[in-house]
Amino acid sequence: MTLQTVFDAVVVAAGSGSRSGGAKQWRILGAQTVARRAVQALSGARHGVLVVPSGDEALGEATLNGMQNWRVVAGAADRAGSVRLGLAALIGDDDAPVLIHDAARPLLPGAVIDALLAAVEDADGALPALPCADSLRRVQGGWIVGAEDRNGLFRAQTPQAFRRRITLTEALDRWTDDRPPTDEAEAVLAAGGRVRTVPGDPRLMKLTYTEDFAMADALIPRQIRVGTGFDVHRWGPGASVWLCGVEIPHDQTLIGHSDADAGLHALTDALLGAIGEGDIGDHFPPTDPQWKGAASDRFLVHAVELIARRGGRIINVDVTLICEQPKVKPHRQAMRERLSELLAIPLEAVSVKATTTEALGFTGRGEGLAAQAACSVELPA
Ligand code: MG
């Protein structure tokens, strides 16, 4: 029911990220920038503002591609200033709840948003917090000098939610301390507001150090996709045939616009199928003279690149060649090795098989060769 709650959002991506060795909000995590993931997690917002470092506005606009109700503004020197600029850029009534989020926390579960919106129904603000599981030690120069009681200590995360946007704006306006507030909740508390916690989530980790990115990458939800492909070419006069990227001496060849490597064509279609990218003819039209006699390697490599561009990974492939002649078995290992190389996956993940059709049908009569392929691909969700 809280899913219907109207809320606005400000995502702060204004940091320069010196501790992680670069502007972390623009780094790629599973084929998307960190900032894009943070913003998309809040795509249920009525209006949203992405606050970026001055000069990074174009990167911000690219991040918001397709998100109609979001806009980019340049931030200030400190976080509180950036949040204020973001709040000021929000349109619509300022009486609705607002969520303030760090772009550096890209893995935001929807359940946390729901819990925050429910929590601010009877509080001025709410933030996700995790209890400290590890014991706390005070350390100086690598030496333990004391222990701290972790009882009652929580690790604060974002988004921080506020029941009324105006409450937060006024609290930030009223902040008079020389140092800026640690976060928005501190300003609201100082202004006399009540702020509660909701259960935080370990996936909301703030990407700070270089090694955090590998951990976040491992936490991205992924899905397994399956693709299949099928191809046939006709036999004609010739002295060799290309199958699965290997040239085999034979008393006939396969006829086609390209090198007619049915094995590679079926496999290319399987890979394209796994990512919903149409078929080989969509990418390399047979009417286009530039593909006449082309080595089919490039078709396969193109499909591999499309998968990589999506942050995907080929798990395995399985190709079956259907023909009476030539005998495939003596060449199977070479075919697997070639495919392993083209796909950049281990040999054990590449299968090439062959079968006859017991002299039945067009393959049995030696009119043509058929190939079918299957593959599985892992894609970031
Ligand atoms: Mg073909």
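**Entry 1: Glu367**

I started with Glu367 and, skipping its neighbours within four places in sequence, found it in contact with Arg234, Trp235 and Phe362; contact here means heavy atoms within 4.5 Å. Before going on, I noted that this is a predicted model, where local features need pLDDT of at least 70 and side-chain atom pairs count only at pLDDT 80 or more, while totals for chains, interfaces and linings use all residues. Residues are numbered from 1 along each chain as its sequence is written, and side-chain values use heavy atoms, with hydrogens and water left out.

I placed Glu367 in the loop between helix H12 (361-364) and strand E19 (368-380). Helices (H or I, at least four residues) and strands (E, at least two) are DSSP runs, numbered from the N terminus. Is Glu367 buried, partly exposed or exposed? I got partly exposed, because its relative accessibility is 41%. For that I used these cut-offs: buried is under 20% relative accessible area, exposed is over 50%, and partly exposed is in between (1.4 Å probe, protein chains only). I also checked Glu367 against Ala118: they sit 249 residues apart along the chain, and 69 Å separates their C-alpha atoms.

**Entry 2: the magnesium ion**

Which residues supply the protein donors of the magnesium ion? I found Asp231 (OD), His233 (NE2) and His265 (ND1), at 2.1 to 2.3 Å from the ion. Donors are N, O and S atoms within 2.8 Å of the metal (3.2 Å for Na, K and Ca), and since water is not among the atoms, sites may look incomplete. I wrote the sequence spacing of the donor residues down as D-x1-H-x31-H. Asp231 is buried, at 16% relative accessible area. His233 is buried too, at 13%.

**Entry 3: Asn316**

I looked up Asn316 next and found it in strand E17. With a relative accessible area of 31%, Asn316 is partly exposed. Not counting residues up to four places away in sequence, Asn316 touches Ile345, Ala349, Ala374, Cys375 and Ser376.

**Entry 4: helix pairs**

I then turned to H3 (residues 79-89) and H5 (residues 165-174), which pack at about 140 degrees with axes 11 Å apart. Axes are lines fitted to C-alpha atoms, for helices over the stretch in contact, and angles run from 0 to 180 degrees between N-to-C directions. The angle makes H3 and H5 oblique to each other. Under 35 degrees counts as roughly parallel, over 145 as roughly antiparallel, 65 to 115 as roughly perpendicular, and the rest as oblique. The crossing of H3 and H5 is left-handed, a term for a near helix turned anticlockwise from the far one by less than a right angle (clockwise would be right-handed). I listed Val83, Arg84 and Leu87 on the H3 side of the contact, and Arg165, Leu168, Thr169, Leu172 and Asp173 on the H5 side. By class, that contact has four nonpolar residues, one polar and three charged. Ala, Val, Leu, Ile, Met, Phe, Trp, Tyr, Cys and Pro count as nonpolar, Asp, Glu, Lys and Arg as charged, and the others, Gly among them, as polar.

For H10 (residues 297-309) and H11, I got axes that come within 9 Å and cross at roughly 45 degrees. H10 and H11 are therefore oblique as well. H10 brings Asp297, Leu300, Val301 and Val304 to the contact, and H11 brings Arg338, Leu339, Leu342 and Leu343. The classes here are six nonpolar, no polar and two charged.

**Entry 5: helix H1**

How many of the eight residues of H1 (residues 34-41) are buried? I have six down as buried, so H1 is largely enclosed by the rest of the structure. They are Val34, Ala35, Arg36, Arg37, Ala38 and Val39.

I noted a cis peptide bond between Thr158 and Pro159, with omega about 10 degrees. Pro159 sits in the loop between strand E10 (154-156) and strand E11 (160-162). The bond from Gln325 to Pro326 is also cis, omega near -5 degrees, and Pro326 falls in the loop between E17 (313-322) and H11 (332-343).

Cys244 is not a glycine, yet its phi is positive at about 55 degrees. I found Cys244 in the loop between strand E14 (240-243) and strand E15 (246-249), and it is buried, at 0% relative accessible area. Ala344 also has a positive phi, near 55 degrees, in the loop between H11 and strand E18 (350-355). Ala344 is exposed, at 68%.
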